[in-house]
Amino acid sequence: MLRPQGDAVDAINPSIELTETERIDRLRLIRSDNVGPRTFRSLIDHFGSPRAALERLPDLARRGGAARSARICSTDEAKAELAASRKFGIAWRAPGEDGYPARLAMIDDAPPLLAVRGETKTLTRPMIAIVGSRNASGAGLKFAGQLARELGEAGFVVISGLARGVDQAAHRTSIESGTIAVLAGGHDCIYPPEHGDLLAAILDHSGAAISEMPLGHEPRARDFPRRNRLISGASLGVVVVEAAHRSGSLITARMAAEQGREVFAVPGSPLDPRAAGTNDLIKQGATLVTEAADIVNAVQPIMERPLMHPAGEPDSEPFESDPQSHDRDQVTGLLGPAPISIDDLVRMSGASPAIVRTVLLELELAGKLERHGGGLVSLL
């Protein structure tokens, strides 16, 4: 079986190192109301720094029609969170800093800060995600473990979501070779709770755990898809082992495809509903997997290409400092509960991309806009 050459490192050089003030400002911005990773990125692209963006939040939200002043995270709150995190052994890392997975930094909704615990070096190695059913069959659990073990022997880190079933089997089998748990809640809010011992074993054996959530954050249903984008984003590819229709693992596979990652699926019996999702993935073009070599051979050419941040991202386009009221009305009048693409908004409104992007940013900071994958937006 092919292996990464030597101690392969999945990284973009050179690395950066934030000052403590810069880290506090970034944390303040991402913890403020209605600021998610995409909005954070738009604000930084527009205003140049978290500090400048924080100063403009109230005005932008007001222009978007906010009914009340949005909460802005204070310096004291950010300092307290960082201090509590350090006591828990957590380091908050920004894209480009040591300990932030390089491929994760390349997705368009990468966390502006990532809470990292464990062995930093493990987070720089090439990763393969293994996900699947929480109520997997015995055969599914056995094969997930076999894949994880063989991928570890081939030099890869296995990344998964610490869930019951396939995730658990993949983590347990790859503890010695290196595994990363991606958490839906804060580092002190493990889900499921009985996997606290598994996480401890991962950390004790040079593994790592990552989350974008603060300490004390109990995971909610909507937090698991957010977690899944981190699993797929950090990896070279995602392997799905048993997934029923409408499974969370299929969400991970969809996100992987949107992020340009490889999607792999393990075939199963047509009579087993737990294999219905994976069999459909194969029909849709996912790479069929019967052994770890299928995965390694597929990702080897990707590893040989240098990692580069994509150029010309939409968020790098300019904004309008203060759109005219008729331009704002033209854009908002086209929005509704059904998602629409930003490109369609530009075409139908006749406004410039800068005006459309500014109006959307104002609405989002006012809590009135939802962003979907694929550049789609809708009103809340």
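Predicted model: local features only at pLDDT ≥ 70, side-chain atom pairs only at ≥ 80, totals over all residues.
Local features need pLDDT of at least 70 and side-chain atom pairs count only at pLDDT 80 or more, while totals for chains, interfaces and linings use all residues. Residues are numbered from 1 along each chain as its sequence is written, and side-chain values use heavy atoms, with hydrogens and water left out.

View 1. Helices (H or I, at least four residues) and strands (E, at least two) are DSSP runs, numbered from the N terminus. The C-alpha trace spans about 60 × 45 × 40 Å along its principal axes. A compact globule of 380 residues would have a radius of gyration near 21 Å, and the 21 Å of this chain agrees; the radius is taken over C-alpha atoms, and the globule rule is 2.2 Å times the number of residues to the power 0.38. Of the 380 residues, 52% are buried. Buried means under 20% relative accessible area, exposed over 50%, and partly exposed in between (1.4 Å probe, protein chains only). Take the contacts (heavy atoms within 4.5 Å) with a separation of 6 or more: 73% of them come from residues 24 or more positions apart.

**View 2. Arg51 reaches Asp25 in a salt bridge.** A salt bridge here is a side-chain nitrogen of Lys or Arg within 4 Å of a carboxyl oxygen of Asp or Glu, and the whole structure has 24 of them. In this one, the closest N and O atoms are 3.1 Å apart. The pair ties together distant parts of the chain, with Arg51 in helix α3 (residues 50–63) and Asp25 in helix α1 (residues 20–30), 26 residues apart. Arg51 is partly exposed at 39% relative accessible area, whereas Asp25 is buried at 8%.

**View 3. Asp59 and Arg56 pair up within helix α3.** Their closest N and O atoms lie 3.3 Å apart. The two sit three residues apart, so about one helical turn separates them. Asp59 is partly exposed at 25% relative accessibility, and Arg56 is partly exposed too, at 29%.

**View 4. Arg226 meets Glu212, part of a salt-bridge network.** The N to O distance for this pair is 3.4 Å. Arg226 belongs to helix α8 (residues 223–234), while Glu212 is in the loop between β6 (208–211) and α8, 14 residues apart. Arg226 is partly exposed at 33%, but Glu212 is buried at 9%. Through shared partners, salt bridges join Arg38, Asp108, Asp109, Glu212, Arg226 and Arg229 into one network.
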